[in-house]
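Please report on the fold and confidence of this chain.

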Amino acid sequence: MRSQGIEYSDALVFTDGERGFGVKTLFDLEEGELIACIPKTACLTIKTSAARKLIEEMELDGALGLAVAIMYEKSIGEKSTWYGYLQFLPEKECVPLLWSSEEIDTFLVGTELHKIVKEDKKLVCQDWKECIRPLLDDEDLKLDPCHFGVEQYFFAKSLIASRSFEVDDYHGFGMVPLADIFNHKTGAEDVHFTLTSYSSDAEEEESSMDLDQKSTPSHSDGPSRNSDLNANDGNIINHMKDSTSSSPEEFPEVLEMIMVRDVKAECEVFNTYGNLGNAALLHRYGFTEPDNPFDIVNMDLGLVCEWSSSSFSSRYSRSRLSTWRKIGFSGCVSEKSEYFEISSCGQPQPELVVLLYVMCLPENAYTKLCYHVPPFEDRDDALKFQLFGEIIDTVFGRKITEKGDWMLTGRVCDALISLANMRERLYGSTSLLEDMESLSKCLSLEQPKLHGSLSLRISERTILGKLRTYANHARRKRKHVSSS
């Protein structure tokens with residue numbers, strides 16, 4: 001690493017432990033201490049790769065372009081600037097993207113990741129067929145299929161998902177030697193990364209920059225490409241000549257690692273990849289953490305509609321859902337779904353409670369609601385809830401919203417419990433206790449897939465249990481207030 005200009009404290013020692021490589025300190029480290037400097041030129045990015053010209057001519061970017069850069073650098077062996085670094089890296093990471101379809105259906109059924117990972121695999125295969133295979137068909141490039149096959153592309157994507165950092169707007173995402181050795185600890189980072197720029201008149205400017213993987217390019221990053229590669233460019237080796245970074249030399253930039261808390265000698269030094277729940281950790285990095293405070297469970301709108309249709313007519317359900325949308329509410333929206341989040345403490349997203357409240361209103365109250373409700377699209381969320389409460393007071397002719405948790409009626413609480421039960425049935429026939437017993441017998445090193453998936457199942461099912469407790473508590477509290 002030092003040959004690439006990377007400097008780091010003599011206190012740091014690299015270890016190979018239970019979770020792979022890590023970093024410990026031989027001496028006490030103090031808050032504010034600079035422990036490493038990493039030049040951007042030492043980072044493997046599209047801009048620094050020997051395949052830069054090819055990648056840019058094909059207009060490949062994001063994770064797709066970086067994957068090509070990694071595969072190409074591996075293909076040229078000792079000629080690569082990153083040969084030593086690539087030898088240090090594992091061939092692949094044990095992330096769900098690399099699991100077999102049978103393993104995904106067995107281990108991830110019911111979890112947040114089941115559908116996501118299956119879709120990921122389809123998109124990665126599609127990217128390879130549309131963007132990588134044409135490079136192999138170009139005889140002028142003379143690429144070795146052994147380094148650019150679909151399996152190698154999946155391997156490169158797993159490394160990017162688990163190890164890449166967003167360097168800056170110019171370089172985009174890249175592999176950062178040394179930085180990717182530090183292990184993650186949720187909410188307890190010991191080091192912080194800053195981007196330091198030195199101007200031509202030697203004035204130093206610093207801007208804080210978290211080098212975490214919260215915005216890691218997804219497996220589904222689509223290509224932007226030109227289908228015609230200039231045949232006059234010849235063998236891809238010729239692209240190496242013009243592949244160095246075009247950043248002006250008078251503006252060199254380095255990444256600095258600075259301690260943000262004291263760490264005693266012989267202790268591990270941790271980075272944080274962000275405030276991520278176990279679904280995100282397993283998806284991107286292949287591991288989970290017990291008692292993760294950032295865990296959530298998603299409740300699909302489709303599941304809510306299924307519950308409603310089982311309790312009311314389809315026309316009734318569509319009408320209530322339409323009114324909820326007219327008020328201006330919506331769930332969390334992804335590319336192909338709409339859902340509601342249940343927090344780690346079991347508290348449902350407020351928009352879900354509003355929807356269930358509207359669903360459960362008696363017909364006469366609902367008719368009045370429809371008469372009084374104007375569209376709230378242009379108002380912020382806090383104002384929407386306030387105005388909705390004011391309209392409900394008008395509908396019932398009294399200040400019912402002055403009571404805490406006024407929307408958590410008995411029917412709404414029953415609906416939350418029913419939804420929790422429906423969501424849990426997606427995990428199959430095994431109980432939470434059976435999952436916990438299986439996890440206690442599972443070794444994370446010998447069975448990482450089973451261990452990670454069981455940890456995720458348990459964390460999600462525990463949250464669903466907390467949702468039931470939350471609803472039961474609210475119902476008992478309401479009964480107590482009514483009786484008094």
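Two strands pair if DSSP finds at least two bridges between them. Helices (H or I, at least four residues) and strands (E, at least two) are DSSP runs, numbered from the N terminus.

This is a predicted model: local features need pLDDT of at least 70, side-chain atom pairs count only at pLDDT 80 or more, and totals for chains, interfaces and linings use all residues. Residues are numbered from 1 along each chain as its sequence is written, and side-chain values use heavy atoms, with hydrogens and water left out.

**Overview and confidence**

The protein chain holds 16 helices and 13 strands. Of its 484 residues, 49% are buried. Buried means under 20% relative accessible area, exposed over 50%, partly exposed in between (1.4 Å probe, protein chains only). The accessible surface of the protein chain is about 23500 Å², and carbon and sulfur atoms account for 50% of that. Accessible areas come from the Shrake-Rupley method with a 1.4 Å probe; for residues, only the protein chains shown count as cover. Contact means heavy atoms within 4.5 Å. Among contacts between residues at least 6 apart in sequence, 73% join residues at least 24 apart.

Average pLDDT (the predictor's confidence in each residue, from 0 to 100) is 84 for the protein chain, and 84% of the residues score at least 70. Residues 198-209 are one of them, with 32 contacts in the model beyond four places in sequence. Residues 218-252 also stay under 50, with 85 such contacts. Where pLDDT is low, the predicted coordinates should not be read in detail.

Strand 6 and strand 7 (residues 172-175) pair over four bridges in the antiparallel sense. They form a hairpin with three residues between them. Strand 5 and strand 7 are also antiparallel, over two bridges. Bridge partners in strand 7 are listed here.

| Residue | Partner in strand 7 |
|---|---|
| Ser164 | Met175 |
| Glu166 | Phe173 |

**Helix 9**

Which residues of helix 9 are buried? In helix 9 (residues 301-311), they are Leu301, Leu303, Val304, Trp307 and Ser308. They cover an arc of only 160 degrees around the axis, so they lie on the same side of helix 9. The arc is that of the directions from the helix axis to the C-beta atoms. The buried residues of helix 9 pack against strand 11 (297-300), helix 10 (314-327), strand 13 (338-342), helix 11 (350-360) and helix 14 (410-425).

**Positive phi outside glycine**

Lys142 is not a glycine, yet its phi is near 55 degrees. Lys142 sits in the loop between helix 5 (114-137) and helix 6 (145-148). Its relative accessibility is 63%, so Lys142 counts as exposed.

Leu178 also has a positive phi, about 80 degrees, without being a glycine. Leu178 lies in the loop between strand 7 and strand 8 (191-198). Is Leu178 buried or exposed? At 1% relative accessibility, Leu178 counts as buried.
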